[in-house]
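Here is a quick walk through a chain you have open in the viewer.

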Amino acid sequence: MAELESLETAAEHERILREIESTDTACIGPTLRSVYDGEEHGRFMEKLEARIRNHDREIEKMCNFHYQGFVDSITELLKVRGEAQKLKNQVTDTNRKLQNEGKELIIAMEELKQCRLQQRNISATVDKLTLCLPVLEMYSKLREQMKSKRHYPALKTLEHLEHTYLPQVSHYRFCKIMVDNIPKLREEIKEVSMSDLKDFLESIRKHSDKIGETAMKQAQQQRNLDNIVSHHPRISGGKKSKKEACASSDLEVKNTSPMSEQDSGILDVEDEDEDEEVPGAQDLVDFSPVYRCLHIYSVLGARETFENYYRKQRRKQARLVLQPPSNMHETLDGYRKYFNQIVGFFVVEDHILHTTQGLVNRAYIDELWEMALSKTIAALRTHSSYCSDPSLVLDLKNLIVLFADTLQGYGFPVNQLFDMLLEIQDQYSETLLKKWSGVFRNILDSDNYSPIPVTNEEVYKKIVGQFPFQDAELEKQPFPKKFPFSEFVPKVYNQIKEFIYACLKFSEDLHLSSTEVDDMIRKSTNLLLTRTLSNCLQNVIKRKNVGLTELVQIIINTTHLEKSCKFLEEFITNITNVLPETVHTTKLYGTTTFKDARHAAEEEIYTNLNQKIDQFLQLADYDWMAMEPGSKASDYLVDLIGFLRSTFAVFTHLPGDVDVHSTMSGKVAQTACMSACKHLSTSLMQLLLEAEVRQLTLGALQQFNLDVEECER
């Protein structure tokens, strides 16, 4: 049994040895492990040693068999070693020479390597700079535009920089700095543009006066041109009106994009027919700050903020403009400056309305105009009421008409201004009446109340030219001769005509119909006659020192003035072209005025005569107890009758035409005589019936009877 196991073990060891001999060294591990796993590894080692010795014997046999060849090989190897050494030395020498020769090449190659590296870096840098340079150029352009205050292009540049250029190079640090600065730059542009707008608002506030003055000059030129065209209609076809030119220019400006940096908002008003023209109102103002600021705020999404700010500031300026100076009523220049500022304000707003898209709208303009109209009318009512000079009121009226026409040319409704002018017309009439009251007083005070003497034909025609007087008998008389009236008749008549002319001047350019003008003139003239002239005549008649001769001359004068009323009617008809037969035409009340004055003069004559009679009667000194009467009438009565005789001689010897002498003077003398006799008889009766006369004698009664008989004679 033990022998059998030995045999198996020996066979296993043999197999393992064969595997070791035939197996790769890397795979020998499992084979050796099987040896160590068994218990016979000692015997295996013995087997292994025996196998090694066998192989060594075989190697020795083989070496012995090939020894000579080995020796020969060794000899050859030794020879080869010598040659190899020589070759090595040659290679070393060659290598040394090559190294020495290749140093410059290596240096050149290193330099070439560096150049290639630099070239690659430069190329990369150029590529990067190609991306960065436009960014830097745009940023530089942005700074330049902001420095030159071209804010709207700067904003456009900023938009391109932010959305087009910076995203391509956003990873660079300087770009990040730029990105961080963009909001600050936008805010800076907003602030600078708003500062420009504030400067603009301040500028137009200061220059509103000049703008308005220019606009009103243009309106005056247009009115003059219209007047020329209306008088010469055949040349009107070749002219272009100022308003049409202004409208076309306005349209051109409106159709031009306000985005342009060069847009200054100028309205060019051309008139080929004028060598020299007043510059357009908008030529005085550069509106580009408004346009720029508007578009900048629009781009930044803050247009509504800008619109609210602009409108708020302009409302404040409007209130300042509409506040009249306290002494405006003192001179016409005060009113003119006030109107110029208002016109300038609304010319600017009208231009803004037509050259911007919605910065201001029609509703906003209308609201401002309504406020301006109410405040202006209130101011004019207040200040014009202080004016007492009709010339200043007339100039003010012309200025208001020009003011209204100017703004009407820009599309503003001005009917309320013309309605207010009708109110001022009443005030103008009052100032005229006050002025003419003084004129009439001076004429009446300076008159000599004597018939006008004429010594030649020239003077006669001059007076007839001044006053409508015709008398065939007077014309036939030789020179020198006298007119029946005194100098105040033609003077008063001419002043009435001057008053009518003054009333007509106010009605010009008020857009009134001929009937309205005629009615206005007639009403004012009636006031002049019935109130002003009538009062002046009454004052003259009631003066204490007026004599009977003067009163008689006043009667004659008023008679001739009464007859001249129909010529005043014709005069008004000629200048207004409204026939007296027209319905609602007011009639002149001059006839009544002069009749009343004449009646007052007659009453004054009667009163004066009675007063003179009373003065003579105060001299009566009757001796009621006289026993015998005197031989003649009392002295006081003789003097009284002499006075009455000389007084009535004045009536009967008045110069003038037959009508005046026979009718008017005779009638006045007759009435005066009757009045005087009645008053004298009543007064004499009162002498007898006085309470102081308690008794009287027959002699006294006879003396009294003599006086009465003297009166009868």
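Which residues do ring pairs link into a cluster? They are Tyr460, Phe467, Phe469, Phe479, Phe483, Phe485 and Tyr493.

Before going further, the ground rules: this is a predicted model, where local features need pLDDT of at least 70, side-chain atom pairs count only at pLDDT 80 or more, and totals for chains, interfaces and linings use all residues. Residues are numbered from 1 along each chain as its sequence is written, and side-chain values use heavy atoms, with hydrogens and water left out.

**The chain as a whole**

The secondary structure comes to 23 helices and two strands. Helices (H or I, at least four residues) and strands (E, at least two) are DSSP runs, numbered from the N terminus. Of the 713 residues in the chain, 41% are buried; buried means under 20% relative accessible area, exposed over 50%, and partly exposed in between (1.4 Å probe, protein chains only). Take the contacts (heavy atoms within 4.5 Å) between residues at least 6 apart in sequence: 77% of them join residues at least 24 apart.

**Back to the rings**

A search of the whole structure finds 20 aromatic pairs. Rings of Phe, Tyr and Trp (its six-membered ring) pair if their centres lie within 6.5 Å; planes under 30 degrees apart count as stacked, over 60 as edge-to-face and the rest as tilted. One of the pairs is Phe467 with Tyr493, edge-to-face at 5.3 Å centre to centre and 85° between the planes. This pair links distant parts of the chain, 26 residues apart: Phe467 sits in the loop between helix H14 (457-466) and helix H15 (472-476), and Tyr493 in helix H16. Phe467 is buried at 2% relative accessible area, and Tyr493 is buried at 5%.

Phe469 and Phe483 also pair edge-to-face, at 5.6 Å centre to centre and 75° between the planes. Phe469 is in the loop between H14 and H15 and Phe483 in the loop between strand E2 (481-482) and H16, so the pair ties together parts that are 14 residues apart in sequence. Phe469 is buried, with 6% relative accessible area, and Phe483 is buried at 0%.

Pro480 lies in the loop between H15 and E2.

**Two helix pairs**

Tyr493 also turns up where H16 meets H19.

| Helices | Angle | Axis separation |
|---|---|---|
| H16 (488-507) and H19 (565-576) | about 25° | 11 Å |
| H9 (303-321) and H10 | about 160° | 10 Å |

H9 is roughly antiparallel to H10, while H16 and H19 are roughly parallel to each other. The cut-offs: angles under 35 degrees count as roughly parallel, over 145 as roughly antiparallel, 65 to 115 as roughly perpendicular and the rest as oblique.

H16 brings Tyr493, Ile496, Lys497, Ile500, Tyr501 and Leu504 to Phe567, Leu568, Phe571, Ile572 and Ile575 in H19. By class, that contact has 10 nonpolar, no polar and one charged residues. Ala, Val, Leu, Ile, Met, Phe, Trp, Tyr, Cys and Pro count as nonpolar, Asp, Glu, Lys and Arg as charged, and the others, Gly among them, as polar.

The H9 side of the other contact is Tyr310, Arg314, Gln317, Ala318 and Val321, against H10 residues including Tyr338, Phe345 and Glu349. The residues of this contact divide into eight nonpolar, two polar and two charged.

**Loop residues worth a click**

Most residues other than glycine have a negative phi, and most peptide bonds are trans. Tyr449 has a positive phi of about 50°; this residue lies in the loop between H13 and strand E1 (453-454) and is buried at 4% relative accessibility. Asp509, with phi near 65°, is in the loop between H16 and helix H17 (514-541) and is partly exposed at 38%.

Val414 is in the loop between helix H12 (390-409) and helix H13 (415-446). Val414 is buried, with a relative accessible area of 1%, and touches Trp369, Ala404, Leu407 and Gln408, not counting residues up to four places away in sequence.

Key: Axes fitted to C-alpha atoms, helices over the stretch in contact; angles between N-to-C directions.
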